Amino acid sequence: MTKRLNPGEVAMKLEALDGWTVHDSQGGSISRGFEFADFSQAFGFMTRVALAAEKLDHHPDWSNVYKTVKIRLSTHDAGGLTDLDFKLAGIIDRIAGEARDPQG
């Protein structure tokens, strides 16, 4: 099992991410919303994230309404945030950048 991060570790790792926030007072998850040009771009983003998450065997809690995708990350078996959540968040940020600027 992956080790749950303490609040200081969470704060330090959160500084390296753009737009992610601690979702609850216990620091059990982080969340971020993404907005794309249209549904097709949002769905493409979700597909790429799904493939990356599958490789990590770590899956997001998420929702999609038209061009908006909301994501929450937590390691359920650890009861909170682990390094895996921050690794996936970094991957998600990279994929989002590529989805918005495919020429990038």
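**View 1. F34 and F45, a buried ring pair.** At a relative accessibility of 1%, F34 counts as buried (buried is under 20% relative accessible area, exposed over 50%, partly exposed in between, with a 1.4 Å probe and protein chains only). F45 is buried as well, with a relative accessible area of 0%. The model is predicted: local features need pLDDT of at least 70, side-chain atom pairs count only at pLDDT 80 or more, and totals for chains, interfaces and linings use all residues. Residues are numbered from 1 along each chain as its sequence is written, and side-chain values use heavy atoms, with hydrogens and water left out. Four aromatic pairs are counted (rings of Phe, Tyr and Trp, the last by its six-membered ring, pair if their centres lie within 6.5 Å; planes under 30 degrees apart are stacked, over 60 edge-to-face, the rest tilted). The ring centres of F34 and F45 are 5.1 Å apart and their planes meet at 45°, so this pair is tilted. F34 belongs to strand β2 and F45 to helix α2, so the pair ties together parts eleven residues apart in sequence (helices are DSSP runs of H or I with at least four residues, strands are E runs with at least two, numbered from the N terminus).

**View 2. F36 and the aromatic cluster.** F36 also pairs with F45, in a tilted arrangement with 4.8 Å from centre to centre and 35° between the planes. F36 is buried, at 3% relative accessibility. Ring pairs join W20, F34, F36 and F45 into a cluster.

**View 3. Strand pairing around β2.** Strand β2 pairs with β1 (residues 21-22) in the antiparallel sense, over two bridges (two strands pair if DSSP finds at least two bridges between them). V22 has I30 of β2 as its bridge partner. The pairing of β2 with β4 is antiparallel too and runs over six bridges. Here F34 stands opposite V69 of β4. In a regular strand, side chains alternate between the two faces of the sheet.

**View 4. The largest nonpolar core.** This core holds 27 residues, of which W20, I30, F45 and I92 touch the most other members (a nonpolar core is a set of buried Ala, Val, Leu, Ile, Met, Phe, Trp, Tyr and Cys residues joined through side-chain atoms within 4.5 Å). At least two core residues come from each of α1 (7-15), β2 (30-35), α2 (39-56), β4 (68-73) and α3 (83-100). Helix α3 gives the most, with eight residues.
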